[in-house]
Amino acid sequence: MIKTTPDMMLSRSVFRSRRGGAPNITPWVRPTDWPEIIAPLPTEQRFVGLHTVFPNDDNFVALSASGDYTVDWGDGLVQNFAAGAVAERTFDFNDAGLSAATSRGYRCTVISVTPQAGHDLTALDLHLRHSQPELGQYQSGFLDIALAGPLLTQLHIGTQASGIMWENPIVFGNLERINVVRCNVANWSFAFLGCTKLQSVVSIDTAAGTNFAGVFASCNSLQTVPLFNTAAGADFAGMFSDCSSLQTVPLFNTAAGTNFAGMFSRCSSLQTVPLFNTAAGTDFSAMFGSCSSLLHGVSHPYDAPRYSATRFQIQ
């Protein structure tokens, strides 16, 4: 078995770009006419999210949290809910209390969730279908979200349970920025599945994370991500699959990883990859499948038969 040394991991890239030159990352710029949201401090227990209100009837919001919690809907209405109860609203474009119309044509509201006195925020579920009769799959209106919860162990955003996007009742196709300041979530699998407009990951507290399968799958506007804690991660399958705009990633700690199948499959813009520690890996199938912008490097441990280009299915 070929071992990787720290200096090799830090100084070399497994693959280089077919295009040549450095990746060209276009920084995301928050629209100036979006209402501001204030990210919570790491010690706080709070969710805040900027939500669209379009001039039609499709402005549904449903969520739940544990323990007992309070929702400030941002338009003057504040409601209390028991732990696990579903909070929902249908906004109207003409509602008082909303922001002025933005240059994109919608108005906005800032929704916040906090625990009631004597309770802690231990779970947050944004992926709940509104109770509107005969409502099919619809787009969530969240644009920009930030949250913190030192005791938060369950978080559902891009998916409820399934990793199949078209089986989910809601698609988070408007979400452009996320900031997970602090949490204690272990299972990040498909957390941001299908967030097709996601472009900015400010931070994401994954210190407790063990499962990163499909965490950013089908986030096809994402060009890069910051370094986050993956030291305890075992499953990285499909972590960035179908991220067609992804150009580069940092050197994640993958020393405990066993499953790397399809980790970057169909990342057609990916130009450079650092040398991850895959010594414990058992499944590398299609790890870089259809990464058409990558050129297989030379004189790296991944060039050995165990890590052959054929096995990675580079195309």
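1. Phe228 counts as buried at 6% relative accessibility, where buried means under 20% relative accessible area with a 1.4 Å probe and protein chains only. Phe212 is also buried, at 0%. The model is a predicted one, in which local features need pLDDT of at least 70, side-chain atom pairs count only at pLDDT 80 or more, and totals for chains, interfaces and linings use all residues. Residues are numbered from 1 along each chain as its sequence is written, and side-chain values use heavy atoms, with hydrogens and water left out.

2. The rings of Phe212 and Phe228 form a tilted pair, because their centres are 6.4 Å apart and their planes stand at 40°. Rings of Phe, Tyr and Trp (its six-membered ring) pair if their centres lie within 6.5 Å; planes under 30 degrees apart are stacked, over 60 edge-to-face, and the rest tilted. Both residues lie in the loop between strand S14 (200-204) and strand S15 (273-274), so the pair ties together parts that are 16 residues apart in sequence. Strands here are DSSP runs (E, at least two residues), numbered from the N terminus.

3. Across the whole structure, 20 aromatic pairs are found. One of them is stacked: Tyr69 and Phe81, with ring centres 5.4 Å apart and planes at 20°. Tyr69 belongs to strand S4 (residues 69-72) and Phe81 to strand S5 (residues 78-81), so this pair links parts twelve residues apart in sequence. Tyr69 is buried at 0% relative accessibility, and Phe81 is buried at 16%.

4. The largest nonpolar core has 66 residues, and Trp188, Phe192, Phe216, Phe240 and Phe264 have the most contacts inside it. Such a core is a set of buried Ala, Val, Leu, Ile, Met, Phe, Trp, Tyr and Cys residues joined through side-chain atoms within 4.5 Å. Elements giving two or more residues to this core include strand S2 (46-53), strand S3 (60-66) and strand S7 (107-115). S3 supplies the largest share, four residues. A second, separate core of nine residues includes Ile37, Leu50, Tyr106 and Leu143.

5. Asn59 sits in the loop between S2 and S3 and is buried at 2% relative accessibility. A polar atom of the Asn59 side chain lies 2.7 Å from the backbone nitrogen of Phe54. Leaving aside neighbours within four places in sequence, Asn59 is in contact (heavy atoms within 4.5 Å) with residues including Thr52, Arg89 and Phe91.

Conventions: Buried < 20%, exposed > 50% of the residue type's maximum accessible area, 1.4 Å probe, protein only. Polar contact = N/O pair within 3.5 Å; in protein donor to acceptor, adjacent residues only side chain to side chain.
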